[in-house]
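Good morning, and thank you for coming. Please look at the sequence and the structure as I put them up.

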Amino acid sequence: MLVLIGILIIIAGFLLRFNPLLVIMASALATGLAAGLDVTAIIAAFGKAFNDTRYVSIIWIVLPVIGLLEAYGLQQHARTLIARMRGATLGRLLTGYLLLRQAMSAAGLTSVAGHAQTVRPLVAPMAEAAADAQNPALSDDQREEVKAYSAATDNVGLFFGEDIFLAIGSILLMKGVLEGYGYVIEPLHFSLWAIPTAIAAFLIHGFRLRRLERRMAAPAERGA
């Protein structure tokens, strides 16, 4: 009967509105101990379940590492690096990231970059440092706008780049829907027609990034 203590822990934890993940972990740990397992065996069971099912995405393993890097000054090092590069303007930096994000997404590497693992710890601080180099008198609103454009650049690169990849879910969805209406189209045709759209998105957003750079540098130019 002691092995049922895990159910009581789950009920109590949810009623008290504790963190669901911690509640489940505590329940599993208590159940394992009640069943006569030692802590090592319980942890091994967790590892085996994770390895067998892969329910947890690898990104949740990467995020704690990024958090540790930020705690040890990752953003400060990114800002320092950009400050030392004379040609790294705000527009060039974000346009380069846009091109990189589109290229990786077109190759199917959609999870290599992203808001949590790339934009927040690296791209946004570097973009802010580049804007700061052109105009040290940036307001708080301007800094937030630079961060917002950094996130938007990632979105644009991912959204218009991933459709070039043959095996992306959106292409397979369109293929399935059209086949339901009697139109049989190969995924390669979808990918080829996504290239002009991706180029247009790159040019349009690149123009917006150029305007952002001019807008962020405008106060410094007027002061000069």
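I begin with R17, which is exposed, because its relative accessible area of 77% is over the 50% cut-off. Please bear in mind throughout that this is a predicted model. R17 sits in the loop that joins α1 to α2 (20–34). The phi of R17 is positive, near 60 degrees, although the residue is not a glycine. For comparison, most residues other than glycine have a negative phi.

Now to helix α1, residues 5–15, where L15 is found. Is L15 buried or exposed? L15 counts as exposed, because its relative accessibility is 67%. L15 also belongs to a nonpolar surface patch of about 820 Å², which L4, I5, I7, L8, I11, L16 and F18 make together with it.

Let us turn to helix α6, residues 90–106. Which residues of α6 are buried? They are L90, G91, L93, L94, Y97, L98, R101, Q102, M104 and S105. In general, an α-helix has 3.6 residues a turn, so residues three or four places apart point the same way. After α6 comes G108, with a positive phi near 90 degrees.

Finally, confidence. The chain has a mean pLDDT of 82, and 84% of its residues reach 70 or more. Helix α8 (residues 140–162) has the highest confidence, at 94, whereas helix α4 (residues 59–71) has the lowest, at a mean of 64. Over residues 220–224 the pLDDT is below 50, and this stretch has 2 contacts in the model beyond near neighbours in sequence.

Note on methods
Residues numbered from 1 in each chain as written. Predicted model: local features only at pLDDT ≥ 70, side-chain atom pairs only at ≥ 80, totals over all residues. Heavy atoms only, no water. pLDDT = per-residue confidence, 0-100. Helix = DSSP H or I, 4+ residues; strand = E, 2+ residues; numbered from the N terminus. Contact = heavy atoms within 4.5 Å. Patch = residues over 30% accessible without salt bridge, like charges linked within 9 Å, V, L, I, M, F, W, Y side chains within 5 Å. Areas by Shrake-Rupley, 256 points an atom, 1.4 Å probe, with all protein chains shown as cover. Salt bridge = Lys/Arg side-chain N within 4 Å of Asp/Glu carboxyl O. Buried < 20%, exposed > 50% of the residue type's maximum accessible area, 1.4 Å probe, protein only.
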